[in-house]
Amino acid sequence: MKGKWQKRLDDVISELKTSSAHREYDLPSIFSLVGSPSEEDLIVELTERMQRGELKAIYRVLSRETKSGIDEFQRFEQVPSEIYDENTDETFRVVPHKDIEIVYQAA
């Protein structure tokens, strides 16, 4: 049986599927919107929703200088260990917890 926060997650996923204003959310935004007991509980639920084909995760490498997206990948394994940043004209080693933003989109 679904709890209140899981029903709110259903609403967020429905919005992702139908809204032109919100096409993706990062984990902190979803956590704030649904009010799950913990980020860990939310990650478990998001993973289940991805396995059911409701959501997909995008791994976006961010520029260290501008924080804008450099490139996006469908799977974490596809993220290169080094990437070129056009904003700074430099190549840098990708540090996952620092340089990658995970965003969720409707599948």
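Is the crossing of helices α1 and α2 left-handed or right-handed? In the predicted model examined here, the crossing of α1 and α2 is right-handed. The axes of these two helices come within 9 Å and cross at roughly 125 degrees, which makes α1 oblique to α2. On the α1 side, the residues in contact are Trp-5, Arg-8, Leu-9 and Val-12, and they meet Ile-30, Leu-33 and Val-34 of α2. By class, six residues of this contact are nonpolar, none is polar and one is charged.

The helices belong to a protein that has four helices and six strands. Along the sequence, these elements follow the pattern α-β-α-α-β-β-β-β-α-β. The C-alpha atoms fill a box of roughly 50 × 30 × 25 Å, taken along the principal axes. Of the 107 residues in the protein, 34% are buried. Among contacts between residues at least 6 apart in sequence, 49% join residues at least 24 apart.

Helix α1 (residues 4-18) also packs against helix α3 (residues 39-51), at an angle of about 50 degrees and with the axes 12 Å apart. This angle makes α1 oblique to α3. The crossing of α1 and α3 is right-handed. Trp-5, Gln-6, Leu-9, Asp-10 and Ile-13 of α1 are in contact with Asp-41, Leu-42, Glu-45, Leu-46 and Arg-49 of α3. The residues of this contact comprise five nonpolar, one polar and four charged. Trp-5 and Leu-9 are among the α1 residues that meet α3, and both are also among those that meet α2.

A further helix pair is formed by α2 (residues 27-34) and α3, whose axes come within 10 Å and cross at roughly 105 degrees. The helices α2 and α3 are therefore roughly perpendicular to each other. Leu-27, Ile-30, Phe-31 and Val-34 of α2 make this contact with Glu-39, Leu-42, Ile-43 and Leu-46 of α3. The contact of α2 with α3 contains seven nonpolar residues, no polar residue and one charged residue. Leu-42 and Leu-46 are among the α3 residues in the contact with α2, and both are also listed in the contact of α3 with α1. On α2, Ile-30 and Val-34 are among the residues that meet α3, and they likewise take part in the contact with α1.

With a relative accessibility of 15%, Tyr-59 counts as buried. Phe-76 counts as partly exposed, at 40% relative accessibility.

Glu-24 and Gln-105 are 81 residues apart in sequence, yet their C-alpha atoms are 4.7 Å apart in space. When residues up to four places away in sequence are not counted, Glu-24 touches Leu-16, Arg-60, Val-103, Tyr-104 and Gln-105. Glu-24 has a relative accessibility of 26% and so counts as partly exposed.

Most residues other than glycine have a negative phi. Lys-67, although not a glycine, has a positive phi of about 65 degrees. This residue lies in the loop between β2 and β3, and its relative accessibility of 54% means that Lys-67 counts as exposed. Asp-89 likewise has a positive phi, near 60 degrees, in a residue other than glycine. Asp-89 lies in the loop between β4 and β5 (90-93) and, at 56% relative accessibility, counts as exposed.

Key:
Residues numbered from 1 in each chain as written. Predicted model: local features only at pLDDT ≥ 70, side-chain atom pairs only at ≥ 80, totals over all residues. Heavy atoms only, no water. Buried < 20%, exposed > 50% of the residue type's maximum accessible area, 1.4 Å probe, protein only. Axes fitted to C-alpha atoms, helices over the stretch in contact; angles between N-to-C directions. Parallel < 35°, antiparallel > 145°, perpendicular 65-115°, else oblique. Left-handed = near helix turned anticlockwise from the far one by under 90°. Contact = heavy atoms within 4.5 Å. Nonpolar A, V, L, I, M, F, W, Y, C, P; charged D, E, K, R; others polar.
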